[in-house]
Amino acid sequence: MRPRSLVVGVLLAGWISALPGFSQQIVPPVRTLVVMPFENRSSTPGLEWISEAFPDVLGQRMASDDLYVLGREYRLHAYDRAGIPAAIHPSRATLYRIAEQMDVDYAVLGSYSFDGQTFRVSAQVLDMKQRRLSPELQESGPLPQLLPVQTALAWDLLRSLQPNYAVTREAFLAGAPVLRLDAFENYIRGRTAQTEADKLQHLRTALQLNPSSGEAILELGKTYFEAHDYDAAASWLARIPGTDPMAR
């Protein structure tokens, strides 16, 4: 920068900082977080899809103006760069390296189990800057109450990140959207399916069970687009209501 430009810049910065209330209006930095797929420690068959359900549910429940949660696409890109197949659950050391490559402030790591009666989940927040794990957080309940259990865990995690978090547990649970578990399962299975046919089958089933799911409509439209069926893609994407956040 030339001397004259430097002087003008300094004077302008000083004038802005002198404006009334400027120092009180400094916007806090946005923190970033990634939720890793949870480890399935259950011997009960058919529950592997829940591993990928945690990033989806916790990500939606925890996201805010000052906490940006990276989505599945970012995580898959990081897995690909590390040479790790998406279907494999890496060790904690590998998960740390992946989170480090993503340059996030926090990573959520966890596991779940089911003994035939009770579904149990535990999670910890990994502070990437301080290189420190939070105390273990736990929730449990009947398997049909999977979504409320996950929502309760999201509140626990937010309280861990923000000790003065103002929303009560009861209000947080009451404010969560009500979803059909079977529709949600098919949506997650559709997102993670390895073949186009399986994707389409699960996503169509999800929409039969819950026709207003913007997430499932978007995913189905993207699947048709990737299959170069542009007419079907346009038809489905046009069904997303303009008021739905997915409309972006």
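**Exercises: salt bridges, rings and cores**

At 31% relative accessibility, E39 counts as partly exposed, because buried means under 20% relative accessible area, exposed over 50%, and partly exposed in between (1.4 Å probe, protein chains only). This is a predicted model, where local features need pLDDT of at least 70, side-chain atom pairs count only at pLDDT 80 or more, and totals for chains, interfaces and linings use all residues. Residues are numbered from 1 along each chain as its sequence is written, and side-chain values use heavy atoms, with hydrogens and water left out.

**Exercise 1.** Describe the salt bridge between R191 and D56, then place it in its network.

*Solution.* 
- The N to O distance is 3.1 Å.
- R191 sits in helix α7 and D56 in helix α2, 135 residues apart. Helices here are DSSP runs (H or I, at least four residues), and strands are too (E, at least two), numbered from the N terminus.
- Both R191 and D56 are buried.
- Shared partners join D56, E73, R191, E219 and K222 into one network of salt bridges.

**Exercise 2.** Class the ring pairs F38–F54 and F184–Y187.

*Solution.* 
- Take the rule: rings of Phe, Tyr and Trp (its six-membered ring) pair if their centres lie within 6.5 Å; planes under 30 degrees apart are stacked, over 60 edge-to-face, the rest tilted. The count is 7 aromatic pairs.
- F38 and F54 have centres 4.0 Å apart and planes at 5°: stacked.
- F38 lies in the loop between β1 (31-35) and β2 (39-40), and F54 in helix α2 (residues 50-62).
- F184 and Y187 have centres 6.4 Å apart and planes at 40°: tilted.
- F184 and Y187 are 3 residues apart in helix α7 (residues 181-192), so about one helical turn separates them.

**Exercise 3.** Which residues touch the most other members of the largest nonpolar core?

*Solution.* 
- A core is a set of buried Ala, Val, Leu, Ile, Met, Phe, Trp, Tyr and Cys residues joined through side-chain atoms within 4.5 Å.
- The largest core has 48 residues, and F38 and L58 touch the most other members.
- Helix α5 (residues 146-161) gives the largest share, 9 residues.
- Another core, of 15 residues, lies apart, with I84 and M102 among them.

Methods: A salt bridge is a side-chain nitrogen of Lys or Arg within 4 Å of a carboxyl oxygen of Asp or Glu.
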